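Subject: Structure handover, with notes on strands and side-chain contacts

Dear colleague,

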Amino acid sequence: MATCDRPATSAGAIIFECVRDERKAFSGSYRGVGDASPPRPGSLEHFLTERHCLYAQDRERLYRAEIHHSPWALQRADAAIDLNTMPPDELTLEGAPLLHFSARQDTLIWPLRPM
């Protein structure tokens, strides 16, 4: 079972910590930088954020739901990862991550339907 602290803030940054067990833990902070604006159509940011469905799994069953939201107001983001032992041992994280921040995104979600 995971124990995750509710995100706290410090000097404009959001601090998050989570421990799954003695081997899997995460601790870091992040914050938005600069002005917020919607992603440019055709950009990677637009492709990654303008999804209008979601998927969920319960045991072996997969579900899908339609969603609706306004365009994301994205900011560049800074992050500091102090500890990350969450990825499986066979997964290697390399390179700089793609980071964005959005202060809020209201979303309408239709009922989940089995796939």
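The notes that follow take up the strand pairing, then one histidine, then the charged pairs and a surface patch.

Please bear in mind throughout that this is a predicted model.

Strand pairing around E6

I begin with strand E6, which spans residues 61-69, and which pairs in the antiparallel sense with strand E5 (residues 53-58) over six bridges. Within that pairing, Leu 54 stands opposite Ala 65 of E6. The two strands E5 and E6 make up a hairpin with two residues between them, and Arg 59, in the turn, has a positive phi of about 55°. E6 is also joined, again in an antiparallel arrangement, to strand E9 (residues 107-109) by three bridges, with Ile 67 standing opposite Ile 109 of E9. Strand E10 (residues 113-114) is a further antiparallel partner of E6, joined to it by two bridges, and there Arg 113 is the bridge partner of Arg 64.

His 69, which lies in E6, counts as buried because its relative accessibility is 6%, whereas the cut-off for burial is under 20%. Which residues does His 69 touch, if those up to four places away in sequence are not counted? They are Thr 49, Glu 50, Arg 51 and His 52, together with Gln 105, Asp 106 and Thr 107. Two polar approaches can be described for the side chain of His 69: one of its polar atoms lies 3.3 Å from the backbone oxygen of Arg 51, and the side chain makes a polar contact of 3.4 Å with the side chain of Gln 105.

Charged pairs

Side chains of opposite charge can pair when their charged atoms come close. In this model the count comes to four salt bridges, and I describe some of them here. Arg 59, the turn residue of the E5-E6 hairpin, meets Asp 58 in a salt bridge with an N to O distance of 3.7 Å. Arg 59 counts as exposed because its relative accessibility is 70%, while Asp 58, at 40%, counts as partly exposed. A salt bridge also links Glu 66 and Arg 64, whose closest N and O atoms are 2.4 Å apart; in this pair Glu 66 is partly exposed at 39% relative accessibility, and Arg 64 is likewise partly exposed, with a relative accessible area of 30%. Arg 104 and Asp 106 form another salt bridge, in which the closest N and O atoms are 2.8 Å apart, and Arg 104 is exposed, with a relative accessible area of 64%. Asp 106, the partner of Arg 104 in that salt bridge, is also among the residues that His 69 touches.

A nonpolar surface patch

Finally, Leu 44, Phe 47, Leu 48 and Leu 98 form a nonpolar patch on the surface, and together they have about 410 Å² of accessible area. Phe 47 is found in helix H1, which covers residues 44-49, and counts as partly exposed because its relative accessibility is 48%.

Terms used: Residues are numbered from 1 along each chain as its sequence is written. This is a predicted model: local features need pLDDT of at least 70, side-chain atom pairs count only at pLDDT 80 or more; totals for chains, interfaces and linings use all residues. Side-chain values use heavy atoms; hydrogens and water are left out. A salt bridge is a side-chain nitrogen of Lys or Arg within 4 Å of a carboxyl oxygen of Asp or Glu. Buried means under 20% relative accessible area, exposed over 50%, partly exposed in between (1.4 Å probe, protein chains only). Helices (H or I, at least four residues) and strands (E, at least two) are DSSP runs, numbered from the N terminus. A polar contact is a pair of N or O atoms within 3.5 Å; within protein, one must be able to donate a hydrogen and the other to accept it, and residues adjacent in sequence count only if both atoms are side-chain atoms. Contact means heavy atoms within 4.5 Å. Patches are made of residues with over 30% relative accessible area and no salt bridge: like charges are joined within 9 Å, nonpolar side chains (Val, Leu, Ile, Met, Phe, Trp, Tyr) within 5 Å. Accessible areas come from the Shrake-Rupley method with a 1.4 Å probe; for residues, only the protein chains shown count as cover. Two strands pair if DSSP finds at least two bridges between them.
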